[in-house]
2 protein chains.
Amino acid sequence: MSDTFVVVGGDAAGMSAASKAKRDDPDLEVVVFEKGEWVSYGACGLPYYVKGEIQSLEALVSVTPEEFREERDIDLRTGHEVVSIDPDERTVTAEAVSDGDSESVVQPYDRLLIATGAEAVVPPIGGVDLEGVYTLGSMSDGKELREYVARARDGESFQQPDRGPACRFLEDCAGPVAVVGGGYIGIEMAEALAANEYEVNLFQRSGRVLTGFSEATSEAVADHLREREVALHLDAEVEELTNDGDGAVEAVVTADDRVPVEMVLLGTGVRPRTALAEDAGIELGETGAIATDAYRETSAPDVYAAGDCAEATHVVTGEPTYASLALTANRHGRAVGQTVAGRPTEGGGVAGTAAVKAFDVEAARTGIVDEEEARAAGFDPVTETIEANSRAGYYPEGGTVTVTLAADRDSGRLLGASLVSEFGEGAVHRSHAVVAALTEGATVFDLEDYDLAYAPPFNTTWDPVLVAAKVLSGTLR
Amino acid sequence: MSDTFVVVGGDAAGMSAASKAKRDDPDLEVVVFEKGEWVSYGACGLPYYVKGEIQSLEALVSVTPEEFREERDIDLRTGHEVVSIDPDERTVTAEAVSDGDSESVVQPYDRLLIATGAEAVVPPIGGVDLEGVYTLGSMSDGKELREYVARARDGESFQQPDRGPACRFLEDCAGPVAVVGGGYIGIEMAEALAANEYEVNLFQRSGRVLTGFSEATSEAVADHLREREVALHLDAEVEELTNDGDGAVEAVVTADDRVPVEMVLLGTGVRPRTALAEDAGIELGETGAIATDAYRETSAPDVYAAGDCAEATHVVTGEPTYASLALTANRHGRAVGQTVAGRPTEGGGVAGTAAVKAFDVEAARTGIVDEEEARAAGFDPVTETIEANSRAGYYPEGGTVTVTLAADRDSGRLLGASLVSEFGEGAVHRSHAVVAALTEGATVFDLEDYDLAYAPPFNTTWDPVLVAAKVLSGTLR
């Protein structure tokens, strides 16, 4: 009898693992339980769907359930929620929900992957259950938000009498609305809503947006958000969402302010979905995500965890870290698939790399940018920020790229980078060189000498990344 | 008395060295001899000047002679040609030419940098001295070509009766003209001339353009050149340029063809200018360029060579190589400047990285792409080429990137890459990750696991570079 590989969760990590395992070992029986109806979808595309740049949710799906079942021969059971794992008996129990009836299935496994993902963090404040308060994590969240935007655009809520100050610049502007959280989801949603002519208020608890990026990046993005009429409320922790009396949200309340809104999007981060693993006695790491070894195996034998529910190893510190990002989920899922198919595969570490488009600005970050975080990891960080032309100064197009680089004082080892430029001027793709350097344990002196491609339409002779390396090297010497 | 650092040649390597040496050691006396009037200019910008996108030659100058003299305190002597070096006496002899009188100067040195650059190769065929035959290496070449284009655009030669076939698509097209050589200068000049509505014939001796790039890149660029009405003559070695009887070029003759043209641009490569070094008994390497150690010191003590006249060490093979590229010249010049100022600096190797824009396509190459070249260097190369979306498939903009990756079969070590995409879709900036990986001696398995930045407006979850690494890894395993 062939082995059975069971996967809990049918998104990036889960479906990558299932597909790779079945492809490398066609004799393996592969069973996937997914509680929802959608699998293998690009949640990163949801803001563009809400914005209206993508016309259907189906466009975000890379492989359909039918394709998994028929072409890839995977026993994919959507609408099945796994409610418990028994590592001793090597079984999972799933409940199939249809038309209100629930049916229980006990499925034995030889190897198991927990790929339960992450869930949106809802802040512990009053009013988060009111009508008009949304999060954006799942496809159904995306659907609801798009419906809201479409309904409002059709006029239902477009006659809001109390227009905020930003609205005076926009003849047709709707809203006002609030985005709570200045991370990349919050910023992408601010763009999506502003593109639909809402008057957007963005509330950020700390003093700057994109806190994982450098201050220079945060400032450049904040300046651009303001240029695009987003009302930025910094150092503004939201204390309450108030009720209009009919169960709908009416205003966002902070210590200093009360801002009337008709809709609130909570973009206050995600946390790993670990309840299932915890209930099964599987160890969590210090980050709160499921702990694994280099092969993503958990404390329970033959039970793996990958993607947004699990820890990964940071390429700079070598320590466990938590980063919920699509590429890691795909890569680690795929590695688990290879491992269970007979070829043990580590799948590599993470650098916490992230990219974001904010209207006409793009930004990326990788590694350890924050000096306090670097010190906590045992480094003595030195940081430099430069601004340089994105193309040859004489070339007719172009803008600037601002690059922040961090390195360890004694060793010169690269720790991290944060880059920002106009959209299309290459901050994001330029970060790739730094990711490679970080991962290889290179120093800033090494980076300074890289023979990067140069031609006038693409950069200056010394690419901005090299300029930053040159300046930081000079400081360290 | 302070030491004297003498530099021969006032472009990228020479002025970088002079500036850095003086900055790091202000007591040093720094003397630069430059035979022309222009120093520190971006020759890479000349095609865009000829095209008309850059309005003045001065725009290509990053630092003026006056700034070098007054602000940087460098004894810059333009119009001075160094005619001999005496390594035993530690002197150079320069001739100042003004108004036909020539004056000889003997200048002692403690340290000397030879930065004589490269010169355009003129093929050994008849007719290369005819009127209407140009090369593009110097500022004066650029000036002449721009004058030609401007004159023709003003009508002087616009009524050419014998229009070629491409011209039927272009109402106002001028020409026909020829570009000989399908390297990046040839292609950039084809774009510059076509943008001025010349009917452009591009002659390439071998079967494809951009021979240092992958075949997939060559094909993509060739297809695009044809789309833009450039008549590509491949496998077409030029045998002669014929005389119209009045001393001007009339036609390009190959074994199979005779193509009437009113102008010819020779873009048939460059060679290092080494005569001065050779006459002084300084050793050349096997590549024909000046041999140096890791600090760019030549066989003559305290005599350095950097930039387009000198060899450099290839990061993949560890062997001397010759690559005439702006960044290397800048970087090695700067390293020599640091060395003579008291801090010995190697300045790193080269990967032979190059980038080119061809109309609305961009391409880059790095390392060893050619399998024969890889075998000659002792590797057993395996190459894969993939085509992937440049942005998330559902994102409204975007195109494709074609990536060729080469790695060694046994070790998996990355050898080189060639990338091509629509202009703006990131082939060039994506090459940076591969340059970093090559330089660090990484394998394709390492590259596959890099945590590169991802967001839908910038790439697919697996960036095309990662897709290529994944496919090549699969082939190697």
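Visitor: What should I know about numbering and confidence?

Guide: Residues are numbered from 1 along each chain as its sequence is written, and chains are lettered from A and ligands numbered from 1 in the order in which they are written. In this predicted model, local features need pLDDT of at least 70 and side-chain atom pairs count only at pLDDT 80 or more, while totals for chains, interfaces and linings use all residues.

Visitor: What makes B:Leu438 count as buried?

Guide: A residue is buried if 20 or more other C-beta atoms lie within 10 Å of its own, exposed if 12 or fewer, and partly exposed in between, with C-beta atoms placed from the backbone. B:Leu438 has 28 C-beta neighbours inside 10 Å, so it counts as buried. B:Leu438 lies in helix 10 of chain B; helices (H or I, at least four residues) and strands (E, at least two) are DSSP runs, numbered from the N terminus.

Visitor: Which residues does B:Leu438 touch, leaving out those up to four places away in sequence?

Guide: B:Leu438 touches B:Val315, B:Val316, B:Ala351, B:Thr366, B:Gly367 and B:Leu414. Two residues are in contact if their C-beta atoms, placed from the backbone, lie within 7 Å. Between B:Leu438 and B:Arg413 there are 8.1 Å in space, C-alpha to C-alpha, and the two are 25 residues apart in sequence.

Visitor: Why is helix 10 of chain B called mostly covered?

Guide: Of its 13 residues, 13 are buried. Helix 10 of chain B reaches 19 Å from its first C-alpha to its last, close to the 18 Å expected at 1.5 Å a residue; the expected span is 1.5 Å times one less than the number of residues. B:Gly441 follows helix 10 of chain B and has a positive phi, near 70°.

Visitor: Why are helix 10 of chain A and helix 10 of chain B called roughly parallel?

Guide: Their axes come within 7 Å and cross at roughly 10°. Axes are lines fitted to C-alpha atoms, for helices over the stretch in contact, and angles run from 0 to 180 degrees between N-to-C directions. Angles under 35 degrees count as roughly parallel, over 145 as roughly antiparallel, 65 to 115 as roughly perpendicular and the rest as oblique. The angle therefore makes helix 10 of chain A roughly parallel to helix 10 of chain B. The residues of this contact divide into eight nonpolar, four polar and two charged. For these classes, Ala, Val, Leu, Ile, Met, Phe, Trp, Tyr, Cys and Pro count as nonpolar, Asp, Glu, Lys and Arg as charged, and the others, Gly among them, as polar.

Visitor: What does each chain bring to the contact between chain A and chain B?

Guide: The contact takes 55 residues from chain A and 55 residues from chain B. On the side of chain A that touches chain B, the largest share, ten residues, comes from helix 10 of chain A. By class, that side of chain A has 33 nonpolar, 15 polar and seven charged residues.

Visitor: What makes helix 1 of chain B roughly parallel to helix 8 of chain B?

Guide: The axes of helix 1 (residues 12–24) and helix 8 (residues 326–340) of chain B come within 7 Å and cross at roughly 30°. That makes helix 1 of chain B roughly parallel to helix 8 of chain B. This contact has nine nonpolar, eight polar and three charged residues.

Visitor: How do you know that the length of helix 6 of chain B agrees with its number of residues?

Guide: The 13 residues of helix 6 (residues 215–227) of chain B should span 18 Å at 1.5 Å a residue, and its end C-alpha atoms are 18 Å apart, which agrees. After helix 6 of chain B comes B:Glu229, with a positive phi near 70°.

Visitor: Why are A:Phe359 and B:Asp235 called partly exposed?

Guide: A:Phe359 has 18 C-beta neighbours inside 10 Å, so it counts as partly exposed. B:Asp235 is partly exposed with 13 other C-beta atoms within 10 Å.

Visitor: What is phi in A:Phe359 and in B:Asp235?

Guide: A:Phe359 is not a glycine, yet its phi is positive, about 55°; A:Phe359 lies in the loop between strand 21 and strand 22 of chain A. In B:Asp235, also a residue other than glycine, phi is positive and near 50°. B:Asp235 is in the loop between strand 12 (231–233) and strand 13 (238–243) of chain B.
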